[in-house]
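This report describes selected local features of a single model.

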Amino acid sequence: MQEQQRIIDDLAGLLEGELRADPLTLAAYATDASLYQQRPLGVAYPRCREDVVTVVRYAKERSIPLVPRGAGTGVAGGAIGPGIVLDFARFMTSVESIGAETVRVQPGVVRDKLNAQLRPYGRYLPPDPSTTQVTTVGGMIGVDAAGSHAVRIGSMRDYIPSLETVLSSGHVFEFEQELLPLSASPTPYGGDRAPLIDRPSGIHDSKQLLVARLAQVLRQNEDLIRQHQPAMVRNCAGYTLRGVLTETHLDIPRMLVGSEGTLAITTAATLNTAPLPAHRGVVLLLFRHLEAALRVAKGLADEQPTACDLLDRRLLTLAREDDPRFEAMIAKSAEAALLVEQIGYSERQLLDRLKRITDKARHLESTLIIARQSTREDEVEFLWSLPARVVSLLIKLPGPVRPFPLFEAIAVPPQNLHEFIVLAQRVLQKYEVTASLFAHAASGQIHLRPFLPTPRPEDAARLESLVGELYEIVFQFHGTVSGEHGDGLARTSFLRAQYGPFYRVMQLVKEIFDPHTLLNPGKIISDDPRTTMRDLRPLEPRVGGEPVELQLSWSLPVATEAADRCNGCGQCRTQDPALRMCPFFRLDSLEEAAPRSKANVVRNFLTGNLAARDLESEEALRLARQCFNCKQCQIECPSQVDIPHLMLETRAAYVEANGFTREEWIQAKAHSFGPLGSTLAPLANWGLNNGGVRWLMEKILGISRHRKLPPFARRTFLRQVRRTYSRRDLAAGTGANRPVVYFADHFANYHDPDLGRAFIEILRHNGHTVYVPGGQTTTGLAMISAGDLDGARELAEENIRELAELAREGLPIVCTEPSAVVCLTQEYPLLVDHPDVKTVASQVIEAGAFLQQLRAAGKLRTDFQPLHLSAAYHTPCHLRALERGTPFADLLSEIPGLTLKRIEAGCSGMAGAFGLTKANFKTSLAIGQRLIERMQHDDILIGLTECGSCKVQMEQGTSRPTIHPIKILALAYGLMPELRRLIRPNKRRLMTS
């Protein structure tokens, strides 16, 4: 830690950006999407080129390695290293200018966000890696990203006219097509001559001198370059020197693309853009045999498709299981598929080209099935989502055997694809290994992912032999170990075998640009022959040493396996508005906010790479505060990694060691204000609207005076129904409709008793008797989320005692609050060790889902009265976490006259008690900004949501009311007409034309 602290002290105040070196940050950046782990010394977040120069010059003085990093989604280990990591994806994300045919960007801009800005101009950046929704342009430059369409549109190096770079000396050069100096005559250089680091110093002081030296090396070795880097195969292994030197110019950007930050650090790039395709269409072809698909792929080459991707049986099966639309179109008998795309200047030309594809395919294989052909943009995008989901589909697979990116991106000449796969399968069979197969068949790029147990050090020799034999076949076909995704730690040690004497030429290039080996060392140029199986991330629970005290009721192996489910793919870094993945990362694209970093930190603790004191530190609290248990990361993660519970462990460990901060105390104890507030309701409600009282509450309790708070009910729901809906109702339940147990939870009990009454009336209207357990209390979810697990256990045990007998009788326990369902079914089983906890959880169901079940069974009355009302519906995060759809919204759509709009604005940001405090108020508003703004639109007249917390946020910036859908349903049934008062003040605005 002394070296880390010295770095912080030395650079403090010198950067516009930030610098961190605490153990948790270092753990978060020790991995990417690869198998490897290397702990850095520190992490810098530059805001500008000058920040990069400052860090580089400092690193040069101290001989500290530098590791440029974008989104960290590479599978080869290229974005990790033992020095200072430069994270460009947080601040350097600007599109600086857009021209007629070019765009100038900083390296941290995400490819999809760039294309969204280019779309109004009718342009786009064509290379399309599978992680395009999160990958950065800098990362694409680093690995020469391509994708499915590489056969037609090329790769990143075909789109880079100029790069602004910082060399390891700290000098800044803008490289483009450099005119060769007149003095750069072909003088001997290389071979047995002294290396460039012994040449006269100051080579980086002059771009002209650097260009001259590089030109000499390339000219001296032209024959080796032509021999070892032929144009016949897509290749990004090592440094691409083919086509860099001409008679008059040196195309240095072409060489720097794909160099993984080992030659220079990119701080800005000018990119060529292309016109958006006027018309494009795809056809999905299914085959009974893989060999037939390979034969057809080879035969279609003459038709010059813009893309032709091959998927094997395993991937097709996963696709059918993942999406009912794929299940409908992909026959179970299909052993392989080809997804083929064509473009055209007109619809007719496109259809003609697609017809030639299908005719040629049928001629080559008469038994194929045309599963789908389309030229509609939405259908084309949907079909292309299939190869884009390959990695996520694979990593969803449960169990100890998983697909690992051991040899991820082989490429061979397309005409040899069939022969290669046959020989590769023999090697896999020899080692008793199965692998999934996905290929960009048109360009000969093959993605094989072997299914293996977690690699251990004792497996190294066997796996290295497997990889070595497979690569020998690659070399037989004059292919490459890296057609995509870079070399990193996974493939660097095989570059000597691929290139032979040409490897020395690459070493000379490295010596020119980075004579002291400071830039991403160990990648591409390395003397270590064992990088492929060295530095594997530890995945076993710690043995010996300090004991691990877990706060939740799971074992060390189970918790470790939960953290290990994260493979670092980086899809949790998405900011796609259609997803809700991590609201905190959307606010600040800081790696520690990404769910995968949270998994990394806890895994490092569980495997012994972090000490217990690290989870008791202020940094641990900072990390835990980047999660408020919305559970969106878990349901949207391809591997469904249980990040929420891993973060609860982190927060609870801090609370156990340090106690509560005021903010956490307020969040944990917010439910305790309910009894007092209801008892003193008139006075309490007056105080909630009094500026002086609210100022005092903020000073004493930390509750923001700007937060609109719901009024307290004068009589709680449980008091109102104590004598009305009792245990006698259970005995009264007869016939086919079983009695129902109603669990009200905090909001309905203390703030909205009409909600509970409306639900009971609906159940009675449909022939159900209802029992409301009088001993129920709040679930304690806010306490759990704040880390007060001891207090939450007490509440959990009370509720389990109250509900256990009812659950054992098989009675449904219905909740109108989705968060209550989440707590009873997902939190309690990990919170308490109680014999009835799983029995209770098995009977709990959300109210909308319960009514939906009745509807599906034909047992729900639909005698709805017309409601001429326009309403906007927001889906709560915890309802999404139950993965039962939006049953109430679906039911409301059957009410005559009701116009229902769905608000797709992401997380509300309220998260129970999180948004109450002054400390969190601004963050809460920032997360919920899109929802709040949407509620302010004139076309929204009333809001609907099942969540009490979301209701509070939806009403924050508007006078429009937000109510539970149950009340609308009750009105439509003609029940509780007094509920009309909720909409009467806005009657004119609420009535539709």
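## Basis of the description

A residue is termed buried under 20% relative accessible area, exposed over 50%, and partly exposed in between. Lys 207, with a relative accessible area of 24%, is therefore partly exposed. The model is predicted.

The side chain of Lys 207 forms a salt bridge with that of Glu 178, at 3.1 Å from N to O. This pair links distant parts of the chain: Lys 207 belongs to helix α7 (residues 207-220) and Glu 178 to strand β10 (residues 177-179), 29 residues apart. Whereas Lys 207 is partly exposed, Glu 178 is buried, its relative accessible area being 10%.

## Salt bridges involving the loops around α22

The count of salt bridges in the model comes to 58. One of them joins the side chains of Arg 90 and Asp 588, with an N to O distance of 2.7 Å. Arg 90 is in the loop between β4 (84-87) and β5 (95-98), and Asp 588 is in the loop between α22 (583-587) and α23 (595-606), so the pair ties together parts that are 498 residues apart in sequence. Arg 90 has a relative accessibility of 9% and so counts as buried; Asp 588, at 26%, is partly exposed. Both residues belong to a network of salt bridges that links Glu 18, Arg 20, Asp 22, Arg 90, Asp 588, Glu 592 and Arg 622.

A further salt bridge connects the side chains of Arg 573 and Glu 591 (2.6 Å, N to O). Arg 573 lies in the loop between α21 (556-564) and α22, while Glu 591 lies in the loop between α22 and α23; the two are 18 residues apart, and the pair links distant parts of the chain. Arg 573 is buried, with a relative accessible area of 7%. Glu 591 also counts as buried, at 1% relative accessibility.

Strand β5 runs antiparallel to strand β6 (residues 102-105), and three bridges join the two. In this pairing Val 95 stands opposite Val 105 in β6. The two strands form a hairpin, with three residues between them.

Strand β6 is also joined to strand β12 (residues 265-272), by four bridges and in an antiparallel arrangement. Here Arg 104 stands opposite Thr 270 in β12.

Ser 63 is located in the loop between α3 (49-62) and β3 (66-69). Its relative accessibility is 54%, so Ser 63 counts as exposed.

Glu 883 likewise is not a glycine and has a positive phi of about 55°. The loop that holds Glu 883 runs between α40 (877-881) and α41 (887-892). Because its relative accessibility is 52%, Glu 883 counts as exposed.

Key: Residues are numbered from 1 along each chain as its sequence is written. This is a predicted model: local features need pLDDT of at least 70, side-chain atom pairs count only at pLDDT 80 or more; totals for chains, interfaces and linings use all residues. Side-chain values use heavy atoms; hydrogens and water are left out. Buried means under 20% relative accessible area, exposed over 50%, partly exposed in between (1.4 Å probe, protein chains only). A salt bridge is a side-chain nitrogen of Lys or Arg within 4 Å of a carboxyl oxygen of Asp or Glu. Two strands pair if DSSP finds at least two bridges between them.
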